[in-house]
Structure formats: structure tokens, C-alpha cells
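Dear colleague,

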Amino acid sequence: MKTVSLKATRREKTGKGVARKLRREGLLPAVIYGGGRPEATHIAIPASEVRKIKHHHGLVKLDLDGEERICILKDIQYNWLGDVPIHVDFQEVKFGETITTVVELEFVGTPIGVSEEGGVLEVMKREIEIETLPRAIPEKIVVDISNLHAGDALHVGEISVPEGIKIVDNPEETVVVVAEPEETTTEESEETGEE
């Protein structure tokens, strides 16, 4: 599992004015909560570093003025247009205690339903929520979809995960579907209309 390192600084003041000033200086307001600490820690991180963690689901090592805090990214809030990050939430982890986090799904193989039967692959879910120990967070979960035929669906409950990882999402939730070719559906409806 990959760990991303970031430099951070404490910030004593909070509020919209302080946040705007930080952003003008190229910093982003952020907060660390959890880890058995009674209060959240308000911090600032370089705005340019957000790209490092935007799609990262593993551990984040924050160097907070020389103090190391191991966290996971919980949320990035964006402006109303949805393109500029304005705030980041981190959750501090305690080794030995399970945490809940999100992991990306990587689909491998071309479904038989697509390559041989003319179906179309529709991805409904690209990540799943898991519960595991901090050091056991996988970078991604690989899902082989090569055996799916046209009309087949893969559900969360059918995804196999490494030992020590529990999927939190609903096992009935659909992950991918291989839709049947449209021509077949059109031909069938025409035949039904002729009868």
C-alpha cells in the first residue's frame, strides 16, 4: 500500500476570512479528527499538493511542524463550480484499530458478453467501502469481469477481497452490467408486434 507524505502547518484561527487569506497564499484549510484525540486539529496544507491525494485511498503521512500524524483522506470539499478544492478533511488512524475507507475497483478482462455477444459494459460502481486495519488498506481491488455474458450483472457480494478486509457496501448493489445488444431487443419487440 502506497503512503503519501504531505507537509502541514497548524492554524490557530478559523473562519471564512482566515480560509480566504490561506487560499490567497496557496494554502488550503484542512482538519484532522479522530485518532483518540478529544478535539480536531486545524491545519493548512499546500493547495498544490491536493492532486497527490485526490484519488489516493491509502494512508497519508502528515508532517505537522515536525510531528508525524498518520491519516486517511475523508473528504475534499470543492467550490460551487466543483473544480477548485476549498477544504480537506483527514481522519487520524490508530494502528491496531479497524477503520472504514473507500477503495477503487480496477476491472480486468473483457467480458465474453462484449467480445463475443455484442453486449455493452456498463459500470455502475467504481469504488467500494471497506473496513480493515490501516496497514491492510489495498491500493485497489482487482475484479475480473471476463466471464460475464450479455445480460449478466456483477454484485458487490460477488467481489473477492483479501483476508482481513470486510466490504461494508450492500452485497446486492450492482457493480457492473453487460447490457444485451440493442438489435436483439428491437428484433424481439418487432416479432412480438407481428403476432
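E92 counts as buried in this predicted model, because its relative accessibility is 9% and the cut-off for burial is under 20%. Its salt-bridge partner is R37, which is partly exposed with a relative accessible area of 36%. The closest N and O atoms of this pair are 2.7 Å apart. The bridge links distant parts of the chain: E92 belongs to strand β6 (residues 85–92), whereas R37 sits in the loop between β2 (27–34) and β3 (41–46), 55 residues apart.

E92 and R37 also belong to a network, in which salt bridges with shared partners join them to R10, E67 and R69. In total, the structure holds 12 salt bridges.

Two further pairs deserve a description.

E106 forms a salt bridge with K140, with 2.8 Å between the closest N and O atoms. E106 lies in strand β7 (residues 99–108) and K140 in strand β10 (residues 140–144), so the pair ties together parts that are 34 residues apart in sequence. E106 is partly exposed at 28% relative accessibility, and K140 is partly exposed at 41%.

K125 forms a salt bridge with E173, the closest N and O atoms lying 3.3 Å apart. Both residues are in loops: K125 in the one between β8 (120–123) and β9 (127–132), and E173 in the one between β12 (166–167) and β13 (174–179), 48 residues apart. K125 is buried, with a relative accessible area of 12%, while E173 is partly exposed at 33%.

Yours sincerely

Note on methods. Residues are numbered from 1 along each chain as its sequence is written. This is a predicted model: local features need pLDDT of at least 70, side-chain atom pairs count only at pLDDT 80 or more; totals for chains, interfaces and linings use all residues. Side-chain values use heavy atoms; hydrogens and water are left out. A salt bridge is a side-chain nitrogen of Lys or Arg within 4 Å of a carboxyl oxygen of Asp or Glu. Helices (H or I, at least four residues) and strands (E, at least two) are DSSP runs, numbered from the N terminus. Buried means under 20% relative accessible area, exposed over 50%, partly exposed in between (1.4 Å probe, protein chains only).
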